[in-house]
Structure formats: structure tokens, C-alpha cells
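Subject: Handover of a structure for your review

Dear colleague,

Please find below the sequence and structure that I am passing on to you. My notes on what was found follow directly after.

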Amino acid sequence: DMVFTLDLPNILLIIAGVMNFLLGVLIYIKRRESVANQLYTLNIVAIIWWIVSMVIYRTTGDYLLFWTIILYVNHTFIASSFFYFSFFFPSGGPKYPRVVLFIISIVNTMVALITVIPGFIIRDTTIVSGGEPIISFGPWYPLYAVYITTFFLLGIVVLYFKYARGDNKI
């Protein structure tokens, strides 16, 4: 069994969670009607849930595989909400067909569901005395890694091209 310890990684995770929460509140309050602000707040909520699941994953011996899967499912929502947000920032409306936004949602749902299936993305977790749990990945993990990387990179590319063409009024 692992025990909750307030070690440096958990302290940093908690600080990051509080900072993200405060940022989300400030952004949401500033222009609550803005779709971009709502989506960014959604991204921050996904980040906070990931942080919570990471702290639990790092400190629990009970249901470790469950919390590992939750950790990885939560990460899918960070990538997709960021990519989705990139279409709405800064102007507030997507300049791409709604089908693209629908595809983001479908792909995220499929990856999250595949992540929940035992053995597909995460095969097992092992508690290491005095260390971090070790995750054994399943055969579909490369697909998961490509999904996360691709959605973050595409979000950055969308934002970069918007900025490069002068669509940078915040």
C-alpha cells in the first residue's frame, strides 16, 4: 500500500492545480459569454482533473490500475479540449466546418473508450517500494501517444497560423 505523502511532485501538482483553477476562474469571469473563454475554462477543468488523478495515482495502492486508467482518460480530454479551443480563439467562432469539430469529439471519445478497455492502452501497474508506480503499456499505447501528440501539435499549428495572419486580437 502506498500512503499519501506531501513530497515535491505532489506539492508541485497541487500548486499547478490551484494556479490553473485561479486562471480558469479569472478567464471565465472576465468574459463569461465568450465561447473561447468557456472552452479554455473547460481545458483548465480537464487539466485539474488530470492533476487530481495524478496525485491519487501517485499515492494510492488501492485500485492502482483503475486510477492509472483514469489518469490516461483525463489526459485525452486535455488534448481534445485544447485542440477544440484553438478553433475558437481569439475570435470566438470557428473558421472551419463543424464537421472538423465533430470529428475531434468522436476521435476523443473513441480513444477514451479504448483507454478504458483493460490491456489495450494500459496493461498493468506495479507498485515500487519507495518509488513511482511502473506502468506496463498495451499494444495500442502507440496510437494513444500519437493521438495526444497530434491533437496538441495541431492545436498549436492552428493558433500559430491564426497569429501569423494577424488574427491576434484578444
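**Model and confidence**

Please note that this is a predicted model. The mean pLDDT of the protein is 86, with 92% of the residues reaching 70 or more. Among the elements, helix H1 (residues 8–30) has the lowest mean pLDDT, at 83, whereas strand S2 (residues 134–137) has the highest, at 94.

**Overall dimensions and contacts**

The C-alpha trace spans about 55 × 35 × 25 Å along its principal axes. The protein has 170 residues, of which 38% are buried. Of the contacts with a separation of 6 or more, 65% are between residues 24 or more positions apart.

**Helix H1**

Leu13 is found in helix H1 and counts as buried because its relative accessibility is 14%, under the 20% cut-off. Not counting residues up to four places away in sequence, Leu13 touches Trp50, Ile51, Met54, Val55 and Arg58. Leu13 and Arg165 are 152 residues apart in sequence, and their C-alpha atoms are 36 Å apart in space.

Asn20 also lies in helix H1. With a relative accessibility of 17%, Asn20 is likewise classed as buried. Beyond its neighbours within four places in sequence, the contacts of Asn20 are Ile44, Ile47, Ile48 and Ile51.

**Helices H2 and H3**

Helix H2 (residues 35–59) packs with helix H3 (residues 64–86) at an angle of about 160°, and their axes are 8 Å apart. Since angles over 145 degrees count as roughly antiparallel, H2 and H3 are therefore placed in that class. Their crossing is left-handed. The contact of H2 with H3 comprises 20 nonpolar residues, six polar residues and no charged ones.

**Helices H3 and H4**

How do H3 and H4 lie relative to each other, and at what angle do their axes cross? The axes come within 9 Å and cross at roughly 170°; H3 and H4 are therefore roughly antiparallel to each other. From H3, the residues involved are Ile69, Tyr72, Val73, Thr76, Phe77, Ser80, Phe83 and Tyr84, and these meet Leu101, Ile104, Asn108, Val111, Ala112, Thr115 and Val116 in H4. By class, this contact of H3 with H4 has 11 nonpolar and four polar residues, with no charged residues.

Val116 belongs to helix H4. At 45% relative accessibility, Val116 counts as partly exposed. Setting aside neighbours within four places in sequence, Val116 is in contact with Ile69 and Val73. Val116 and Leu159 are 43 residues apart in sequence, and 31 Å separates their C-alpha atoms.

**Helices H4 and H5**

Helix H4 (residues 98–116) and helix H5 (residues 141–164) have axes that come within 11 Å and cross at roughly 150°. The crossing of H4 and H5 is left-handed. Ile104, Val107, Asn108, Val111 and Thr115 in H4 meet Tyr144, Tyr147 and Phe151 in H5. The residues of this contact of H4 with H5 divide into six nonpolar and two polar, with no charged residues. Ile104, Asn108, Val111 and Thr115 of H4 are included in the contact with H5 and also in that with H3.

Is Ile121 buried or exposed? Ile121 is buried, because its relative accessible area is 1%. This residue is found in the loop between H4 and strand S1 (122–126). Apart from neighbours within four places in sequence, Ile121 is in contact with Ile114, Thr115, Phe137, Gly138, Trp140, Tyr141 and Tyr144. The C-alpha atoms of Ile121 and Leu143, which are 22 residues apart along the chain, are separated by 8.5 Å.

With kind regards

How values were computed:
Residues are numbered from 1 along each chain as its sequence is written. This is a predicted model: local features need pLDDT of at least 70, side-chain atom pairs count only at pLDDT 80 or more; totals for chains, interfaces and linings use all residues. Side-chain values use heavy atoms; hydrogens and water are left out. Axes are lines fitted to C-alpha atoms, for helices over the stretch in contact, and angles run from 0 to 180 degrees between N-to-C directions. Helices (H or I, at least four residues) and strands (E, at least two) are DSSP runs, numbered from the N terminus. Angles under 35 degrees count as roughly parallel, over 145 as roughly antiparallel, 65 to 115 as roughly perpendicular and the rest as oblique. A crossing is left-handed if the near helix is turned anticlockwise from the far one by less than a right angle, and right-handed if clockwise. Ala, Val, Leu, Ile, Met, Phe, Trp, Tyr, Cys and Pro count as nonpolar, Asp, Glu, Lys and Arg as charged, and the others, Gly among them, as polar. pLDDT is the predictor's confidence in each residue, from 0 to 100. Buried means under 20% relative accessible area, exposed over 50%, partly exposed in between (1.4 Å probe, protein chains only). Contact means heavy atoms within 4.5 Å.
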